[in-house]
Amino acid sequence: MKASNMFGLILLMVASGGNSRIVAQTTFTVPGVHTYTVGAGVTALQTDMMGATGGWGTTFISHGGNGGRVQCTFAVTSGQVLQVNVGGAGGDGNSLSAGIPGINGGGAGGYAYNPYACGGGGCASDVRTAPYFLAHRKM
């Protein structure tokens with residue numbers, strides 16, 4: 001049975017002002033690049049992020065591992081635009097080729113000979129600040 005976590009997940013919960021109460025929650029589940037604009041009066045974000053799973057190998061007993069999980073809080077400013085990257089699952093290997101990497105950094109699977117191939121690597125989920133290069137990851 002294939003793992004149910006087929007994509008990365010990022011959950012942003014907004015903490016506001018000095019009392020740190022949660023005032024809003026946004027969930028990103030579609031793999032790819034998204035933007036998030038920090039609301040007025042918001043000074044910190046709490047995140048619960050998961051990377052994507054790896055793909056299956058051709059033997060169907062060699063499945064890819066689950067993505068890692070990170071939870072943290074970081075400072076933001078009102079109006080700041082963040083880039084939210086949701087990692088995509090690695091592709092399954094088949095008798096003709098290795099699995100392709102997912103979205104946002106996974107590696108390609110290996111291919112030995114028919115019918116043996118490995119699944120592609122699952123990818124990272126992250127949040128970045130402008131100018132949104134890899135070096136600008138908040139986590």
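How many helices and how many strands are there in the protein? The protein has 0 helices and 9 strands, where helices (H or I, at least four residues) and strands (E, at least two) are DSSP runs numbered from the N terminus. This is a predicted model, in which local features need pLDDT of at least 70, side-chain atom pairs count only at pLDDT 80 or more, and totals for chains, interfaces and linings use all residues. Residues are numbered from 1 along each chain as its sequence is written, and side-chain values use heavy atoms, with hydrogens and water left out.

**View 1. The open sheet of β3, β6 and β9.** Three strands form an open sheet in the order β3-β6-β9, with antiparallel pairing; two strands pair if DSSP finds at least two bridges between them. β3 (32-37) and β9 (126-128) stand at the edges with a single partner strand each, so one side of each has no neighbour in the sheet. From one strand to the next, the twist averages 25°, with axes fitted as lines to C-alpha atoms and angles running from 0 to 180 degrees between N-to-C directions. Strand β6 (residues 81-86) is joined to β9 by 3 bridges, and V84 has V127 as its bridge partner in β9.

View 2. S125 lies in the loop between β8 (116-117) and β9. Its relative accessibility is 9%, so S125 counts as buried (buried: under 20% relative accessible area; exposed: over 50%; partly exposed: in between; 1.4 Å probe, protein chains only). The side chain of S125 reaches the backbone oxygen of M50 at 2.8 Å and the backbone nitrogen of G87 at 3.0 Å.

**View 3. The largest nonpolar core.** This core has 13 residues, and those with the most contacts inside it are Y36, V38, L45, F74, V76, L82 and V127. A nonpolar core is a set of buried Ala, Val, Leu, Ile, Met, Phe, Trp, Tyr and Cys residues joined through side-chain atoms within 4.5 Å. The elements that give two or more residues to the core are β4 (42-50) and β6. Leaving aside residues up to four places away in sequence, V76 touches V38, V42, T43, A44, L45 and L82, contact meaning heavy atoms within 4.5 Å.

**View 4. Cysteines C118 and C123.** C118 counts as partly exposed at 44% relative accessibility, whereas C123 counts as buried at 3%. The protein has 0 disulfides, a disulfide being a pair of cysteine sulfur atoms within 2.5 Å.

Key:
A polar contact is a pair of N or O atoms within 3.5 Å; within protein, one must be able to donate a hydrogen and the other to accept it, and residues adjacent in sequence count only if both atoms are side-chain atoms.
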